[in-house]
Amino acid sequence: MSTINETRPADALRAGDSQADERAAAAKPLGGIAGWMDDRLGGAKGVSFLAKKVFPDHWSFMLGEIAMYSMIVCLLTGAFLTFWFVPSASQVVYDGSYVPLQGVTMSDAYRSTLAISFDIRGGLLIRQIHHWAALIFVVAVFVHMARVFFTGAFRKPREINWVFGTVLSLLACIEGFAGYSLPDDLLSGTGIRAMNGFMQSAPVIGSYMSYFIFGGAFPGEAIIPRLYSAHVLLIPAILVGLFTAHILLVFLHKHTQFPGPGRTNKNVVGYPLMPVYIAKAGGFFFIVFGVIALISAVVTINPIWAYGPYDPSPITAGSQPDWYMGFADGALRLLPGFLEFVSWGNFTWSMNIFPGSLVLLPLMWTIIGVYPFVEAWVTGDKREHHLLDRPRNAPTRTAIGIAGISMYVVLFLAAGNDLMAIKLHLSINDITQTLRVLFFVAPPVAFWITKRICLSLQRADRQKVLHGRETGTIWRYADGRFEEIHAPLTPDERWALVQHESQEPLQLTAGKDANGVDSPIARKERLRAKFSHFYFRDRVAPATPSELEAAHHEHGDHGGVADGGHEAIEPAGAGAERETIKADKQLD
Amino acid sequence: MNDNETTDQGTGTSLVRTSGEGREVLPASLITGVDQFENPGLPPHVHRAADDDPAAAKRAERQVATMFALSMLGTLVFIVSYFAVPDEATFFFPGIGLAKTQNVVLGLSLGFSIFFIGIGAVHWAKTLMSDEEVVEERHEQASSPEDRAKAVAVVNAGVESTQLPRRPLIKYSLGGALGLFALPLGLQVAGSLGPTDIEELKHTIWDVKDNGGKPIRLMRDPEMTPIRFDEVTSGSVFHVMPETLQKYLDEGKHVLEAKAKAAVILIRLDPDLIKVQKAKDWGVDGVVAYSKICTHVGCAVGLYEQQTHHLLCPCHQSTFDLTEDCAVIFGPAKRPLPQLKITVDDAGYLVAPEGFAEPVGPSFWERAR
């Protein structure tokens, strides 16, 4: 077990530690190719800067890496696919090797996708890696986003990077939608058909939007090449550009770290890029790529040959988009039809479609994007934050996040209302009605439960600091009492539980100007005070040394165990007087 | 007002933290002399087996090398099987079913050849590379006041040199030019993206004007054979296209555009079940035809529940009741499916004498005009 170094300040190096600079000093002078390059580029400075860059370790920091790597896998395999895919809606008769579709009229896009799947050796593998990587990319983006949110990593100075990330996640979804629409199979064609309906639902300009995007009447021959140029050129260009900026800002700000002994807001404790993170993060790229390839080897994704070519007349039961579009599809299933109406002038307002299709995505992402600025305004906090919050220590933020997620989950479940009805033998109408209610009920309930759980966990932390950790050892006293022995925390163990600050609500001091009139500013500040009250009204302050001291005395008074109370780990001979019942958990 | 609460006292409103003594709330680690725990500092470094025991280090080295060797093996298997596995070979994969041999073998070998490089590298980093944590200092993100002043001076000097503040003519004309130059580009894209014929949204190829005013025969989709009235037995369902589609099929042009609005579903019900007189009148002895394009977002309403006489759209589960003239009884659609009036011609075939009376498919802004 670790011992405690009480005297060393937080930022000090250990006896064996060395700064990266000192290590570099012993290196050989540059020669050969590296020297040739440095003569022309002067990159040595940058290399040493990068090589000694420190990254903290935590499993949750790998979520962003998964997103980054699966995106790279998408770019790589996507480039391969362009060699064979033909982005054309012109109709051809299939004569490839997939027997069931021979002689069928289909678009060239669908024919070439069949060719990739059946006639190009390894083509199916590349296609499946591309699709799986895309699915994993969007999952990883969202989970990474949740990690950043719940740990408060978006706070100053990282608000800009949060906005970049928000835009990236939206683009990832749109990129995915454009991609799975390209093969022009029956399922994706049905998706495009629905997209046409979304366009038409826009007030005033809807019909024109549809004709602009489809280059005439639906489906036309323009949509496939247009989606293709968006999918392989426009969106990836923005995606890669923003992603580069995203990563550069991580380097600029230095990575956040979880609180721990020796970790402060003024330092970053971890391993240097060279060699540890090159090996770990570089190795992790291969692990992500390898796992995606293994999945693609054995699990079929998007078997377009089973759907057939797009035709507006037939349809498959259980038509559903890829998972990341599920919540929008679910919103469309929940919106009741009566919201559509015809106004004066005989204009049709498709309010049963428009809010769930064209409004939902921009609205949701705007709310996500502005959150850091709202929270910063409420807290009035202008400081830089490099130490992450444990989610329990920001109960209101965590509860807001879970409430948002619960809303998202309701919409997502709604996209599977037909499947749930079939698999669970329930009425689809009941499921839909229930989800309609849940959309409004679930978020406040989730908010309340989450906040209570966070506060309870904070109280548990306090308890643990003040009264020690439960050891599982139960003592029976001579008078017949039973008591579980609590072991005091070491300062290292304790630190993570007490290091956070617990903000109190802001309070108005004066609401009037010199003449006793409420100023508009005062109104704004009153609103802010209200929000602050909402955020910080319920709070559990971290334990303090004096409280710990007091707890010791209290135990000393009634505990009946000499010298430090019953918190001693070692019974130290006192055990002879008592009968000790050992629980399954042993003391170390 | 300045948001920095604690410094802004006196006039107007200010917010202060209520924690008393006027102290600013700072990270616990920065506060001294208050009742808070001290950061205990970095814990001591714990050695790993390979740090002290050469045998363990040697073992780790061999493990890493084994991973890299397995990667090479995977690569080799991929190259061999790329040539060796025939395209059409399939096999039974336990737990998954019939699988394409080539995809599975190539995928697994490629996957393992990549995966083991990663595992090897990470194992190497975890067992042999230094695991002593390094501390790097952070600095305030903001530039120093001097640097800020310098930047302002440089920019101001630049602006001064352009003489822009003294030459409003340039300032406003430049603003105008920059503000307007994107218009042609925007106009080009917006104007040329597509022909817009909004009236076309209301038109289908069931319109008898396209057929010289003659009634249009109902044809089976996709066989394109006419449907005799007596072939429509009770409870049967036909997917129908108009006779006029044949012209498009022959020319091979705009087939899908025509089909996208023309799809019709034909069902024979017990006439007594039909509760709406118009629906009865527009059908023939319980045989009724409705647009198959959902009035929600336009999916094909392809699911017919024979017991309940409901039509269900598989996209968003809008449910239409055939006995109620296809009114919406559940789901996100608002309007009923438009009915196609049908009769029987002299040869006994089903025909549509008038086309649709209203636009089919999803709603749009100008639909009711």
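This is a predicted model: local features need pLDDT of at least 70, side-chain atom pairs count only at pLDDT 80 or more; totals for chains, interfaces and linings use all residues.
Residues are numbered from 1 along each chain as its sequence is written, and chains are lettered from A in the order in which they are written. Local features need pLDDT of at least 70, side-chain atom pairs count only at pLDDT 80 or more, and totals for chains, interfaces and linings use all residues.

Helix α5 (residues 108-118) of chain A is largely enclosed by the rest of the structure, because eight of its 11 residues are buried. Buried means that 20 or more other C-beta atoms, placed from the backbone, lie within 10 Å of the residue's own. Helices are DSSP runs of H or I with at least four residues, strands are runs of E with at least two, and both are numbered from the N terminus. Among the buried residues of α5(A) are Tyr110(A), Arg111(A) and Ile116(A). Their packing partners in chain A include α4 (62-82), α6 (123-150) and α10 (223-253).

An open sheet has three strands in the order β1(A)-β4(A)-β4(B), with antiparallel pairing; strands pair if DSSP finds at least two bridges between them. β1 (54-55) of chain A and β4 (134-137) of chain B stand at the edges, each with a single partner strand, so one side of each lacks a neighbour in the sheet. Four bridges join β4 (residues 267-272) of chain A to β4(B), and Asn267(A) stands opposite Glu137(B).

Key: A residue is buried if 20 or more other C-beta atoms lie within 10 Å of its own, exposed if 12 or fewer, and partly exposed in between; C-beta atoms are placed from the backbone. Two residues are in contact if their C-beta atoms, placed from the backbone, lie within 7 Å.
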